[in-house]
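User: I am new to this structure and would like a close look at a single part, followed by a connected account of what else can be said. Please keep it plain.

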Amino acid sequence: MLVRGVEGDAAARLAPAALGVPGSAEVLLAGGLALLAPEETVFEAMLDGWAVQQRSRLLVDTTIKQRIFAVRRFHRFAGEYPWRWTPADVEEWTSELVGGGVAHSSVRYYQMAVSLFCGYVTDPRYRWAEVCELHFGSHPVQVFHEWNTVVHRAEYEGRPGNRPFTRDELQVFFDYCDQRVAQVADRGRKGWLAAYRDATLFKAIYAWGLRRREAAMLETVDWSANPAAPQFGRYGALSVRYGKAVKGSPPRRRTVLTTMGWAAEAVAEWVEEIRPLYAPAGVALWPTERRAKISTDALTVRFQAYREAAGLDPILSTHCLRHSYASHLLEDGYDHLFVQQQLGHAWGATTAIYTSVGADYKNQALRRALSRALDQPTS
């Protein structure tokens, strides 16, 4: 809230130098007005200005909201506003995150987000330092540095326990999904349609190597025929339009070719026979009862419930289905570059991290290599 007051002349002196700069203090705080509840007002204006700056870089709203959430989280932990933050606050906060079991990659993301915010409020072009000196006699500084932040050394920073399903585990999981449909249908409940959707969704995540959001955002129009594989009909290729973005860029697109006939049949049955009973209108491939696209959170909750009911290892997650896809393709003899392109990885090293082939595959590969070297036939 703003009221006219004695600080008006001092605040007005800030206006000319940066007038019209998006995200600057002068644009967000009315010149010539004193602040009521100044600390909260300036902090919220900083966040608003940072959001404006990020939108000018074409960052998506989801990225902006996640970064602002990280800043608010750090603010609550420190118990101070940005112009009083210190490097010690960063170190104590990081220790709490690590002690709370937060993943290495998440800790690094939180640090990166708050560090970017500090960079914004200390940038002289936005003149927040002058505003803070005027009202609080202090100014923000960059409290993140190379000695108190996580270093990005590895291509993959996920939880080390992540692994592919074994083929037996995968069969147990999909069998339970199918049994769940039958159980709900036998009770005469309409929930069997949602159970059928979930079963087909999990099969699609595995059979096309999808991330959660990639799967949740699919639409019926994303399927197309592949002239090189006419046996799959119109389900020979899948256009993934919401692939993982890089550094705030728009979602990356890729086309994933169908490799598993049983999965194409399952999707065809869902799209052409079952889905019209559940959600005749709209284009969402996996709709809710309200015709909206299923959320990634709902997808995760349902997966966890199925995994527990099937008695599988709690370390397994929906992302492990994607790991399984990569590993099983390699075990089945697909070329590494093909698997890399199917997954949408820019670098082969990333694909290698995703894969964990079995001992039989390794032994077969060793025998093939030795037979070529020794010019002996394989058995």
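Analyst: R127 lies in the loop that links α7 (104-121) to α8 (128-136). The model discussed here is predicted. Is R127 buried or exposed? With a relative accessible area of 10%, R127 is buried, because the cut-off for that class is under 20%. R127 also has a positive phi, about 60°, although it is not a glycine. Most residues other than glycine have a negative phi.

L58 is in the loop between α4 (38-56) and α5 (61-78). L58 is not a glycine either, yet its phi is positive, at about 70°. In accessibility, L58 falls in another class: its relative value is 68%, so L58 counts as exposed, the cut-off for exposed being over 50%.

Two packed helices are described by the angle between their axes and the distance between the axes. For α5 and helix α6 (residues 87-99), the angle is about 105° and the axes are 10 Å apart. The two helices are therefore roughly perpendicular to each other, since angles from 65 to 115 degrees are put in that class. Which residues meet where α5 and α6 pack? On the α5 side they are A70, R73, F74, F77 and A78, and on the α6 side D89, V90, E92, W93, E96 and L97. Sorted by class, this contact has 7 nonpolar residues, 4 charged residues and no polar ones.

The next part is helix α14, which spans residues 318-331. T318 has its place in α14 and is buried, with a relative accessible area of 7%. Leaving aside residues up to four places away in sequence, T318 touches F202, I205, R212, L299 and F303.

R322 also lies in α14. Its relative accessibility is 0%, so R322 counts as buried. R322 and L343 are 21 residues apart along the chain, and their C-alpha atoms are separated by 8.4 Å.

S324 is another residue of α14, and it is buried as well, with a relative accessible area of 0%. What does the side chain of S324 reach? It comes to 2.7 Å from the backbone oxygen of C320. With residues up to four places away in sequence left out, S324 touches P164, F165 and Y206.

There is also a sheet to describe. Strands of a sheet pair through backbone hydrogen bonds, either parallel or antiparallel. In this case 3 strands form an open sheet in the order β3-β4-β5, with antiparallel pairing. The edge strands, each pairing on one side only, are β3 (223-224) and β5 (252-257). Strand β4 covers residues 237-243 and pairs with β3 over 2 bridges, in the antiparallel sense. S224 has A237 in β4 as its bridge partner. β4 is joined to β5 by 5 bridges, and these two strands also run antiparallel. G243 stands opposite R252 in β5. How many residues of β4 are buried? The number is 5 of 7, and β4 is mostly covered.

Some totals place these parts in the whole chain. The protein chain has 17 helices and 5 strands. Of its 379 residues, 44% are buried. Among contacts in the chain with a separation of 6 or more, 64% are between residues 24 or more positions apart.

Notes. Residues numbered from 1 in each chain as written. Predicted model: local features only at pLDDT ≥ 70, side-chain atom pairs only at ≥ 80, totals over all residues. Heavy atoms only, no water. Helix = DSSP H or I, 4+ residues; strand = E, 2+ residues; numbered from the N terminus. Buried < 20%, exposed > 50% of the residue type's maximum accessible area, 1.4 Å probe, protein only. Polar contact = N/O pair within 3.5 Å; in protein donor to acceptor, adjacent residues only side chain to side chain. Contact = heavy atoms within 4.5 Å. Axes fitted to C-alpha atoms, helices over the stretch in contact; angles between N-to-C directions. Parallel < 35°, antiparallel > 145°, perpendicular 65-115°, else oblique. Nonpolar A, V, L, I, M, F, W, Y, C, P; charged D, E, K, R; others polar. Pairing = 2+ DSSP bridges.
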